[in-house]
Amino acid sequence: MKITSFLKTSTNKFVVLHEPVTRLRRFTTSVPEAHSLLACNNNKQYIDCRFPKEVAASRQNVFDRYFTVVPDAVTENEEVQLIDEIEKSLKRLRYQHDHWDDAIHGYRETEVVVWKNQTNGDIIQRLRSLAFKDDSNTVPMQRVHVLDICDDGYVKAHVDSIKFCGNIIAGLSLLSDSIMRLADEAEPHIHVRALLPRRSLYIMKDDVRYKYTHEILPDNDEPFNGKRIVRKRRVSIVFRNEPPVS
Ligand SMILES: O=C(O)CCC(=O)C(=O)O
């Protein structure tokens with residue numbers, strides 16, 4: 001079986017994720033009116049910046065432009081339906097605690113190309129439209145990556161491989177709130193903590209996607225805007241686009 005490396009950890013190693021299973025399709029569906037990225041780009045509520053004063057303004061600008069959290073991207077009912085279908089394909093898999101590259105702990109994963117429940121297919125299409133709506137030249141992957149991390153699971157800092165993933169990564173968070181930490185790859189003390197509420201969609205692009213590592217933190221006591229965020233089992237549906245052809 002041909003395996004495709006997908007993720008590059010902060011130590012420059014590659015993490016094997018999966019093999020490509022679909023042919024590419026250019027995406028043409030129109031954008032639903034329900035969400036507007038600009039309207040939802042309320043970063044202050046979801047992003048806690050840890051920038052040195054001298055770079056604060058420029059870095060804040062980068063995150064305003066290239067990182068968005070869209071709250072309530074799916075309804076409670078939609079979450080139930082998505083989880084119901086996901087559970088069916090995950091149930092035979094055990095949580096892995098010893099990833100060979102030490103990049104993910106306490107996880108199981110799969111990918112979905114075609115959703116059996118048509119309503120789920122429609123939800124995924126709606127989110128895909130939202131994630132890629134500002135980039136008309138991009139080719140969103142038709143498959144999505146489903147990552148399930150258990151109560152004490154977490155994803156270590158990494159940058160997705162530029163060989164297998166384009167300029168946009170978007171993720172729907174289900175079942176739990178979580179904190180994503182994004183750190184400048186070259187100067188890791190320059191970082192932000194992003195609150196990813198349950199049922200929200202984050203969209204990271206361009207400079208944030210390429211120049212910052214991202215990680216999903218394990219449960220911890222550090223409050224976010226004064227509130228304790230409890231990290232429990234979390235299932236994410238991750239959307240990516242194809243890398244540019246060059
Ligand atoms: O679960 C997520 O939202 C992020 C997963 C991730 O970092 C990855 O698959 O590269």
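Modeller: Strands here are DSSP runs of E with at least two residues, numbered from the N terminus. The model is a predicted one. With strands counted that way, strand 6 (144-160) and strand 12 (234-240) each supply at least two residues of the shell around the ligand. Strand 6 gives the largest share of that shell, five residues. In total, eleven residues surround the ligand, and the closest are His158, Tyr202, Arg234, Ser236 and Arg240. Sorted by class, the shell has four nonpolar, four polar and three charged residues.

For Ser236, a polar side-chain atom lies 2.7 Å from a ligand oxygen. For Arg234, the corresponding distance is 2.8 Å. An N or O atom in the side chain of Asp160 is 3.1 Å from an oxygen atom of the ligand. On its own the ligand has 290 Å² of accessible area, of which the protein covers 99%.

Tyr202, one of the closest residues to the ligand, is also among the residues with the most contacts inside the largest nonpolar core, which has 33 residues. Strand 6 supplies at least two residues of this core, as do helix 3 (53-66) and strand 10 (201-205), among others. The largest share, four residues, comes from strand 9. Leu182 is another of the residues with the most contacts inside this core; beyond its neighbours within four places in sequence, Leu182 is in contact with residues including Phe63, Phe67, Met204 and Val208. A second, separate core has 26 residues, including Leu82, Leu130, Val144 and Val235.

Technical notes. Residues are numbered from 1 along each chain as its sequence is written. This is a predicted model: local features need pLDDT of at least 70, side-chain atom pairs count only at pLDDT 80 or more; totals for chains, interfaces and linings use all residues. Side-chain values use heavy atoms; hydrogens and water are left out. A residue is near a molecule or strand if one of its heavy atoms lies within 4 Å of it. A polar contact is a pair of N or O atoms within 3.5 Å; within protein, one must be able to donate a hydrogen and the other to accept it, and residues adjacent in sequence count only if both atoms are side-chain atoms. Accessible areas come from the Shrake-Rupley method with a 1.4 Å probe; for residues, only the protein chains shown count as cover. Ala, Val, Leu, Ile, Met, Phe, Trp, Tyr, Cys and Pro count as nonpolar, Asp, Glu, Lys and Arg as charged, and the others, Gly among them, as polar. A nonpolar core is a set of buried Ala, Val, Leu, Ile, Met, Phe, Trp, Tyr and Cys residues joined through side-chain atoms within 4.5 Å. Buried means under 20% relative accessible area, exposed over 50%, partly exposed in between (1.4 Å probe, protein chains only). Contact means heavy atoms within 4.5 Å.
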